[in-house]
Amino acid sequence: MNGKDILVLGIETSCDETSVAVVKNGREVLSNVINSQIKIHEEFGGVVPEIASRNHVKNINFVVKEALKQANVTFDDIDLISCTKGPGLVGALLVGVSYAKGLSLALNKPLLGANHIEGHIAANYISHSELKPPFLCLIISGGHTHLVHIKDYNEFEILGKTRDDAIGEAYDKVARVIGLGYPGGPKIDKLAKEGTPNIVLPKPHMDNLDFSFSGIKTAVINLHHKTPDINKADLCISFEKCTTEILIENTLSALEDLKINTVALAGGVSANSYIRNEFEKLKQKGINVYYPEMILCTDNAAMIASAAYYRYMNGETSDLTLNAIPNLKIS
Ligand code: KG4
Ligand code: ZN
């Protein structure tokens, strides 16, 4: 590698975004093409796995070509082919994994299957050139709610996780039941801006840094059913307030336990404006707070290429037995 720039092609197909990126040295995005299927899944009220896989198959070649074109590079310039190996929908993951394996074989270039959750963490490296481990990362997405100590680029310790719903799942379910549609998170975010947080919701009490959102979700849904004229904007901002208080309490406890003062948020729900505003206030306590740029919060391939880069720099590659691992954990 001899100080030469490393260009990583990233492929992300874990859910409903077909995304391909070219990233230089783990931090500089040369292209990040995201083909979202949201419009296709909207009419079903959520992601339909088979439809997601079929659309990845249909789109991936075009998205790869576009990513190379926007980065102004050819396959020859790429040093590493990376893809998301998990967690995610198995049929969707298999499209990216198979495509990456085919490319690696045809081009005779190294291959690396990356962990999607590590990708969300790495989105912060792209947005903040000064950010280096150790720090605390709060990953809040449609599939995950994790509080992770990032000890080093490839060394993680999970300090807390959800015992039931992921936070994004709770946002999406609440939005669906109260009639806002899919994807619910951004719709709750928008409507909540017109509301007042005057509805008290039950907060779970945990004896460690784990999370639980299903009780709050059920309370909101029950209130909606039992009080038909309830103000939906008030309900949305009260839901945001309650869930954000839990996120902040656990974050502060973890920072105190670890005796560090830097937290990075990651994952689709970290795009939420109420959550960002509340975490912003932690800066007054001397805590450094980072969030990825909006486009890097939700699923994208640049974050996968970045995570893959740090694994590759650690001497890791995958062989052609690489497979999708739908329930892959962070290690
Ligand atoms: O990270 P992501 O794209 O996919 C997973 O890895 O799960 O996250 C998607 C989740 C969805 O639940 C979506 O509703 C939520 O992120 N989300 C938001 C916002 N934007 C996306 N939740 C709250 N506020 C937002 N602005
Ligand atoms: Zn994700």
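**Sheets, helices and a ligand**

A: In this predicted model, strands β3-β2-β1-β4-β5, in that order, make up an open sheet of five strands whose pairing is mixed.

Q: Which strands are at its edges?
A: The edge strands are β3, residues 28-36, and β5, residues 111-115, each of which pairs on one side only. From one strand to the next, the twist averages 20°.

Q: OK, and how do β1 and β2 pair?
A: Strand β1 (residues 7-12) and strand β2 (residues 17-24) run in the antiparallel sense and are paired over six bridges; within this pair, Val-8 stands opposite Val-23 in β2.

Q: Which strands does helix α4 touch when it packs on that sheet?
A: Helix α4, residues 116-127, touches β1, β3, β4 (80-86) and β5, and its direction makes about 90° with that of β5. Helix α11, residues 301-313, packs on the sheet as well, touching β1, β2, β3, β4 and β5, with a direction at about 130° to that of β1.

Q: Moving on, what's the strand order in the sheet that contains β6?
A: That open sheet has five strands in the order β8-β7-β6-β9-β10, with mixed pairing. Strands β8 (155-161) and β10 (288-290) stand at the edges with a single partner strand each, so one side of each is left without a neighbour in the sheet. Ignoring direction, neighbouring strands here are turned by 25° against each other on average.

Q: And how many bridges link β6 and β7?
A: There are six bridges between β6 (residues 135-140) and β7 (residues 145-152), which pair in the antiparallel sense, and Leu-136 stands opposite His-149 in β7.

Q: What about α5 and α7, at what angle do they pack?
A: Helix α5 (residues 167-177) and helix α7 (residues 214-226) pack at about 5°, their axes being 10 Å apart. Because of that angle, α5 counts as roughly parallel to α7.

Q: Which residues meet there?
A: From α5, Ala-170, Lys-173, Val-174 and Val-177 meet Lys-217, Val-220, Ile-221, His-224 and His-225 of α7. Sorted by class, this contact has five nonpolar, two polar and two charged residues.

Q: Last topic: how many residues surround ligand 1?
A: Ligand 1 is surrounded by 19 residues, the closest being His-120, Gly-142, Asp-172, Asp-189 and Gly-268.

Q: Where are its oxygen atoms relative to the protein?
A: An oxygen atom of ligand 1 is 3.2 Å from an N or O atom in the side chain of His-116. On the backbone side, a polar atom of Gly-268 is 3.0 Å from an oxygen atom of the ligand, and a backbone N or O atom of Asp-299 lies 3.1 Å from an oxygen atom of ligand 1.

Definitions and conventions:
Residues are numbered from 1 along each chain as its sequence is written. Chains are lettered from A and ligands numbered from 1 in the order in which they are written. This is a predicted model: local features need pLDDT of at least 70, side-chain atom pairs count only at pLDDT 80 or more; totals for chains, interfaces and linings use all residues. Side-chain values use heavy atoms; hydrogens and water are left out. Two strands pair if DSSP finds at least two bridges between them. Helices (H or I, at least four residues) and strands (E, at least two) are DSSP runs, numbered from the N terminus. Axes are lines fitted to C-alpha atoms, for helices over the stretch in contact, and angles run from 0 to 180 degrees between N-to-C directions. Angles under 35 degrees count as roughly parallel, over 145 as roughly antiparallel, 65 to 115 as roughly perpendicular and the rest as oblique. Contact means heavy atoms within 4.5 Å. Ala, Val, Leu, Ile, Met, Phe, Trp, Tyr, Cys and Pro count as nonpolar, Asp, Glu, Lys and Arg as charged, and the others, Gly among them, as polar. A residue is near a molecule or strand if one of its heavy atoms lies within 4 Å of it. A polar contact is a pair of N or O atoms within 3.5 Å; within protein, one must be able to donate a hydrogen and the other to accept it, and residues adjacent in sequence count only if both atoms are side-chain atoms.
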